[in-house]
Amino acid sequence: MHKIKITALSFLALTLSSCAASDEPAGPPPKTAEELAYISDASPIPKARLDSAIAPLFDDPAMAETRALLIMHRGAILAERYGEGYDEDTRFISWSMAKSFTGALIGFLVADGRLVLDDPAPVPAWQRPGDPRGDITLRQLLHMSSGLDHTEVGEEGGKTLYEADTQQMLFLSGSGDMAGYAEARPMEAEPGAKFEYSTATSLILADIITRTLTNSSDPKVRRDTAMRFIRGRLLEPLGMDSTYFEFDANGTFLGGSIIQSTARDYATFGEFLRNNGARKGAQHLPVSWITFMRTSSANDPAYGGHIWLNKKRPDGRNQILFPDMAPDTVFAALGHLGQQIVVSPEQKLTVVRLGKTQDDVNRPMSDQIGRIVALFPVSK
């Protein structure tokens, strides 16, 4: 009798449990093969699992809005998804991802012997006797440690949005000669003593590139000369046919903020850096320059030579990438509103995310990219 009671009670419990379960909302049905077709059959991660990591970037309002997501693995496109109204032919604005392009372009001129990393930066406005800016080196500019008084965003140091140097330079008083505006700023620290992320610094580097290539002050000559160099050394060798650089009225390319390109071209640039400056067996940039770009600067472990690194930052600075999720060899070109080219050499991986997520709420989106990266094994 005792055994019968236990059996009956167990049956009753199972019955109630199944009734309760039936009241719970059913989860979404598994996606069809057609819905998962944007992921390659060669994926080392099961399609449904990879899709579950990608989908929140498009579907979760906390990460809105992703317009393009492209993953390359071992040199091939593994996944490619676009938001409504966008596709593989859409050109997306780079914002500050352009800085890493500028860092690579400087590397070509250093490799050619036309610029020297630890020499004073060749800026004519700084060459007057006694001008402390004359001591700023190319390395310090690339490491964002020039010591120049550049305010990147509003409210920093009490400045409003429209008083910040980036807005003044790109859209207001400095827009006619952006590099001239950036180069005219005074010093606020000794060269090399302080990290200060600055779009104005990248405009100075763009001007240095252009002045190295031509002595002309004619805006058209400057623009045409710079574009011949950019096409001949970077875009054409890499097959980046859909990439366009923007210029100011003085003929300086906007190397800190505005390139227009497709997701595939951005991924190609990431793969170029992942392969240590090589493309299809041809070495275009010296490996030593890529090593320099991917080595921590003295004032911020998470910043290298005009590129972000997956390292923890000093106390008081926002974490940029995801050092607790992925190898510390990961590096990235990052831009305003969540533009990202994330590269992991150890995982043979490049992830491009393009969209419009406000900077003050982009942490969930960035962490989701970290989760995607973390899915992939370290390659042998």
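Angles under 35 degrees count as roughly parallel, over 145 as roughly antiparallel, 65 to 115 as roughly perpendicular, and the rest as oblique. Keep these cut-offs at hand. The model is predicted.

**Exercise 1. Find how helix α3 and helix α9 are oriented to each other, and describe their contact.**

Step 1. Locate the helices. Helix α9 covers residues 263-274, and helix α3 covers residues 98-111.

Step 2. Look at the axes. Those of α3 and α9 come within 12 Å and cross at roughly 50°.

Step 3. The crossing of α3 and α9 is left-handed.

Step 4. List the contact. α3 brings Ser 100, Phe 101, Ala 104 and Phe 108, while α9 brings Tyr 266, Phe 269 and Phe 272.

Step 5. Sort these residues. Six are nonpolar, one is polar and none is charged.

**Exercise 2. Repeat the analysis for α3 and helix α8 (residues 219-238).**

Step 1. Look at the axes. Those of α3 and α8 come within 11 Å, with a crossing of roughly 90°.

Step 2. Name the orientation. α3 and α8 are therefore roughly perpendicular to each other.

Step 3. List the contact. On the α3 side are Phe 101, Leu 105, Phe 108 and Leu 109. On the α8 side are Phe 229, Ile 230, Arg 233 and Leu 234.

Step 4. Sort these residues. Seven are nonpolar, none is polar and one is charged.

**Exercise 3. Describe the hairpin of β1 and β2.**

Step 1. Find the strands. Strand β1 spans residues 66-73, and strand β2 spans residues 76-82.

Step 2. Check the pairing. β1 and β2 run antiparallel and share six bridges. Within this part of the model, Ile 71 stands opposite Ala 79 in β2.

Step 3. Inspect the turn. Two residues lie between the strands, and Arg 74 in the turn has a positive phi of about 55°.

Step 4. Judge the cover. β2 is mostly covered, with five of its seven residues buried.

**Exercise 4. Which strands stand at the edges of the open sheet, and why does each have a side without a neighbour?**

Step 1. Write down the order. The six strands run β2-β1-β11-β10-β9-β8, with antiparallel pairing.

Step 2. Read off the ends. β2 and β8 (308-309) stand at the edges. Each has a single partner strand, so one side of each is left without a neighbour in the sheet.

Step 3. Check another pair. β9 (residues 331-335) and β10 (residues 339-344) pair in the antiparallel sense over five bridges. Here Leu 334 stands opposite Gln 340 in β10.

Key: Residues are numbered from 1 along each chain as its sequence is written. This is a predicted model: local features need pLDDT of at least 70, side-chain atom pairs count only at pLDDT 80 or more; totals for chains, interfaces and linings use all residues. Side-chain values use heavy atoms; hydrogens and water are left out. Axes are lines fitted to C-alpha atoms, for helices over the stretch in contact, and angles run from 0 to 180 degrees between N-to-C directions. Helices (H or I, at least four residues) and strands (E, at least two) are DSSP runs, numbered from the N terminus. Contact means heavy atoms within 4.5 Å. Ala, Val, Leu, Ile, Met, Phe, Trp, Tyr, Cys and Pro count as nonpolar, Asp, Glu, Lys and Arg as charged, and the others, Gly among them, as polar. Buried means under 20% relative accessible area, exposed over 50%, partly exposed in between (1.4 Å probe, protein chains only). Two strands pair if DSSP finds at least two bridges between them. A crossing is left-handed if the near helix is turned anticlockwise from the far one by less than a right angle, and right-handed if clockwise.
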